[in-house]
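Here is a short report on a protein model. Please keep the sequence and the 3D view open while reading.

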Amino acid sequence: MKIISSIEELRDQLRGQLRTAFVPTMGNLHEGHLSLMRLARRHGDPVVASIFVNRLQFGPNEDFDKYPRTFQADVEKLEKEGVYVLFAPTEKDLYPEPQEYRVQPPDDLGNILEGEFRPGFFTGVSTVVLKLFACVQPRVAVFGKKDYQQLMIIRNMAKQFALPTEIIAAETWRAEDGLALSSRNGYLTEAERAEAPALFQMLNQVAQEVRSGRTDLTKIEQQAMNSLSQRQWNPDYISIRKRANLQAPTQMELESKEELVVLAAAKLGNTRLIDNLEI
């Protein structure tokens with residue numbers, strides 16, 4: 001596996017490759033990330049991964065400096081997966097001058113749910129992903145469904161900018177107890193880790209309520225948030241939305257069996273976890 005930090009060297013290495021499959025990451029890789037590499041290989045060749053902790057998507061009170069960086073362990077895992085190139089730019093490589101041009105997602109998608117609680121987050125994500133696409137020029141790129149809203153924003157961005165990159169969605173990788181794998185799980189104490197699967201259990205409970213025919217969605221959401229609060233969580237949202245655009249469904253859409261997804265974000269101790277479940 002070649003480890004490359006400069007954009008020019010990356011382009012030289014990939015020149016002439018027409019089926020490149022790309023998996024962007026922020027490192028601290030776990031089995032969920034590695035499953036993305038395997039999916040990428042099924043859709044293209046060679047597989048290129050990136051590791052870059054993107055300052056643009058962290059708010060002023062978020063964990064940019066604390067974000068776990070495990071580069072050598074990450075390299076070993078990617079080598080075992082047969083990744084061809086690891087693009088690991090420094091901030092100076094990727095942002096040689098201040099990144100004053102930004103990609104702004106539409107308000108009705110970028111400023112709801114995660115965007116409401118993390119202002120500017122999706123602008124930072126969209127900007128770095130567009131720049132990474134410009135560097136790698138992949139035919140396909142793989143993103144996990146765990147970051148459901150992010151996946152939708154990237155997919156829409158690729159479509160509206162007519163990018164020659166197909167966005168592939170990968171199912172969420174879970175531990176045996178149901179907890180969605182995340183780099184931030186490493187922040188959990190032993191007791192918090194034992195409690196953490198309750199978030200996915202709550203999503204399943206909400207989904208079951210909707211499948212049973214209940215249409216009072218606001219009440220279902222509030223009951224779920226109250227239940228988490230009683231378990232010492234601090235929920236930001238549990239929200240039932242349309243898969244198509246993440247807007248709240250109307251009663252008519254519920255009756256016509258609109259495809260739905262329930263999304264959640266909640267803090268357990270000092271760790272903020274997100275998850276979702278298609279209904």
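Is Q72 buried or exposed? The model is a predicted one, and in it Q72 is exposed, with a relative accessible area of 52%. The cut-off for exposed is over 50%. Q72 lies in helix α3, residues 71-80. Q72 and D108 are 36 residues apart in sequence, and their C-alpha atoms are 40 Å apart in space.

**The sheet**

An open sheet is built from 6 strands. Their order is β1-β4-β3-β2-β5-β6, and the pairing is parallel. From one strand to the next, the twist averages 25°.

| Strand pair | Bridges | Direction |
|---|---|---|
| β1 and β4 (residues 85-87) | 3 bridges | parallel |
| β2 (residues 21-25) and β3 (residues 47-51) | 5 bridges | parallel |

I4 has F87 in β4 as its bridge partner. T25 stands opposite I51 in β3.

How many residues of β2 are buried? The count is 5 of the 5, so β2 is largely enclosed by the rest of the structure. In a regular strand the side chains alternate between the two faces of the sheet. In β2, A21, V23 and T25 are on one side, F22 and P24 are on the other, and all are buried. Both faces of β2 are therefore covered, with buried meaning under 20% relative accessible area.

β3 is mostly covered too, with 5 of its 5 residues buried. V47, A49 and I51 are on one side of β3, and V48 and S50 are on the other. Both of these faces are covered.

**Helices α7 and α8**

How do these two helices meet? The axes of α7 (residues 121-136) and α8 (residues 148-160) come within 10 Å and cross at roughly 50°. That angle makes α7 oblique to α8. The crossing is right-handed.

Which residues of α7 meet α8? They are F121, F122, V125, S126, V129, L130 and F133. On the α8 side, the residues are Q149, Q150, I153, I154 and M157. By type, the contact of α7 with α8 divides into 9 nonpolar residues, 3 polar and no charged.

**Backbone exceptions**

Most residues other than glycine have a negative phi, and most peptide bonds are trans.

The peptide bond from D45 to P46 is cis, with omega near 5°. P46 is found in the loop between α2 (31-43) and β3.

L246 is not a glycine, yet has a positive phi of about 65°. L246 sits in the loop between β7 (233-242) and α12 (251-255). Its relative accessible area is 0%, so L246 is buried.

K257 is not a glycine either, and has a positive phi of about 60°. This residue lies in the loop between α12 and β8 (260-268). Is K257 buried or exposed? K257 counts as exposed, at 70% relative accessibility.

Technical notes:
Residues numbered from 1 in each chain as written. Predicted model: local features only at pLDDT ≥ 70, side-chain atom pairs only at ≥ 80, totals over all residues. Heavy atoms only, no water. Axes fitted to C-alpha atoms, helices over the stretch in contact; angles between N-to-C directions. Helix = DSSP H or I, 4+ residues; strand = E, 2+ residues; numbered from the N terminus. Parallel < 35°, antiparallel > 145°, perpendicular 65-115°, else oblique. Left-handed = near helix turned anticlockwise from the far one by under 90°. Contact = heavy atoms within 4.5 Å. Nonpolar A, V, L, I, M, F, W, Y, C, P; charged D, E, K, R; others polar. Buried < 20%, exposed > 50% of the residue type's maximum accessible area, 1.4 Å probe, protein only. Pairing = 2+ DSSP bridges.
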